[in-house]
Amino acid sequence: MQSTGALELYNLFSDNGILVWLDGGWAVDSHLGKQTRPHEDLDIIIQTKDVPKIRSLLSELGYKNVPRDDTREENFVLGNNQGLLVDVHTVHFDDNGDGVYGNHGAAFPKKCFDGVGEINGQKVKCISAEQIVIFHTNYTPDENDAKDVLALCKKFHIEGPQLYKKYLNN
């Protein structure tokens, strides 16, 4: 997915009243202000109440469910016949403003929704850089993860997680 496609989808959702935060690779690149690598998909977080609306909008554009092993009610992927994928994560907000992800409790602290990045000069909402770094400590990183985390840590003066220390010398 190129920057123009990511931005078109972001604007489609926003223009139709869907509050959306970028997550994943595009959140990283929006914080860095440039596309640093190819992205297979657009990872987004939306409110659970907006699932029917986003499904309808994307269905009109030819997007269909893409079955995956990790598909759940709160996490699903929609794709079109051009190979564009939207990886949707849904939350509802509790009384503290934390984003509750499925039945897993408050997986997204309120402050992580304060992120603002930029794609092609346009400001976009995204998960905060600090939260992206935290999320990247929940699994074994690959080279892309390491580059993303180290770039965010450098730009935002975030202490690099121990898991990524071995990549500092490469």
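Helices (H or I, at least four residues) and strands (E, at least two) are DSSP runs, numbered from the N terminus. Asn120 is found in the loop between β8 and β9.

The model is predicted: local features need pLDDT of at least 70, side-chain atom pairs count only at pLDDT 80 or more, and totals for chains, interfaces and linings use all residues. Residues are numbered from 1 along each chain as its sequence is written, and side-chain values use heavy atoms, with hydrogens and water left out.

Strand β8 spans residues 115-119. Strand β9 spans residues 122-126. The two run antiparallel and are joined by 5 bridges. Two strands pair if DSSP finds at least two bridges between them. Across the pair, Ile119 stands opposite Gln122 in β9. There are 2 residues between the strands of this hairpin. Asn120 has a positive phi of about 50°, although it is not a glycine. Most residues other than glycine have a negative phi. Asn120 counts as exposed because its relative accessibility is 52%. The classes are these: buried is under 20% relative accessible area, exposed is over 50%, and partly exposed is in between (1.4 Å probe, protein chains only).

Gly115, Gly117 and Ile119 form the covered face. Val116 and Glu118 form the uncovered one.

Now move to Gln122, in strand β9. Gln122 has a relative accessible area of 25%, so it is partly exposed. Leaving aside neighbours within four places in sequence, Gln122 is in contact with Leu7, Tyr10, Asn11 and Gly117. Contact means heavy atoms within 4.5 Å. Gln122 and Leu7 are 115 residues apart along the chain, yet their C-alpha atoms are separated by 8.3 Å.

Helix α1 covers residues 3-15. What does α1 pack with? Its partner is helix α3 (residues 51-60), with the axes 11 Å apart and an angle of about 130°. That angle makes α1 oblique to α3. Axes are lines fitted to C-alpha atoms, for helices over the stretch in contact, and angles run from 0 to 180 degrees between N-to-C directions. Angles under 35 degrees count as roughly parallel, over 145 as roughly antiparallel, 65 to 115 as roughly perpendicular and the rest as oblique. The crossing of α1 and α3 is right-handed. A crossing is left-handed if the near helix is turned anticlockwise from the far one by less than a right angle, and right-handed if clockwise. On the α1 side, Leu9, Leu12 and Phe13 make the contact. They meet Ile54, Leu57 and Leu58 in α3. By class, this contact has 6 nonpolar residues, no polar and no charged. Ala, Val, Leu, Ile, Met, Phe, Trp, Tyr, Cys and Pro count as nonpolar, Asp, Glu, Lys and Arg as charged, and the others, Gly among them, as polar.

The axes of α2 (residues 24-32) and α5 (residues 143-156) come within 10 Å and cross at roughly 30°. The two helices are therefore roughly parallel to each other. Their crossing is left-handed. Val28, His31 and Leu32 of α2 make the contact with Asp148, Ala151, Leu152, Lys155 and Phe156 of α5. This contact of α2 with α5 has 5 nonpolar, 1 polar and 2 charged residues.

Is α2 enclosed or open? Because 8 of its 9 residues are buried, α2 is largely enclosed by the rest of the structure. Among the buried residues are Trp26, Val28, Asp29 and His31. Gly33 follows α2, with a positive phi near 80°. His157 sits in the segment after α5. His157 also has a positive phi, about 55°, although it is not a glycine. At 73% relative accessibility, His157 counts as exposed.

Finish in strand β5 (residues 85-93), which holds Asp87. Asp87 counts as buried, at 6% relative accessibility. Not counting residues up to four places away in sequence, Asp87 touches Asp41, Leu42, Asp43, Ile44, Arg68, Asn75, Phe76 and Val77. Arg55 is 32 residues from Asp87 in sequence and 12 Å away in space, C-alpha to C-alpha. Thr90 counts as buried, at 3% relative accessibility. Beyond neighbours within four places in sequence, the contacts of Thr90 include Ile46, Thr48, Val51, Phe76 and Tyr101.
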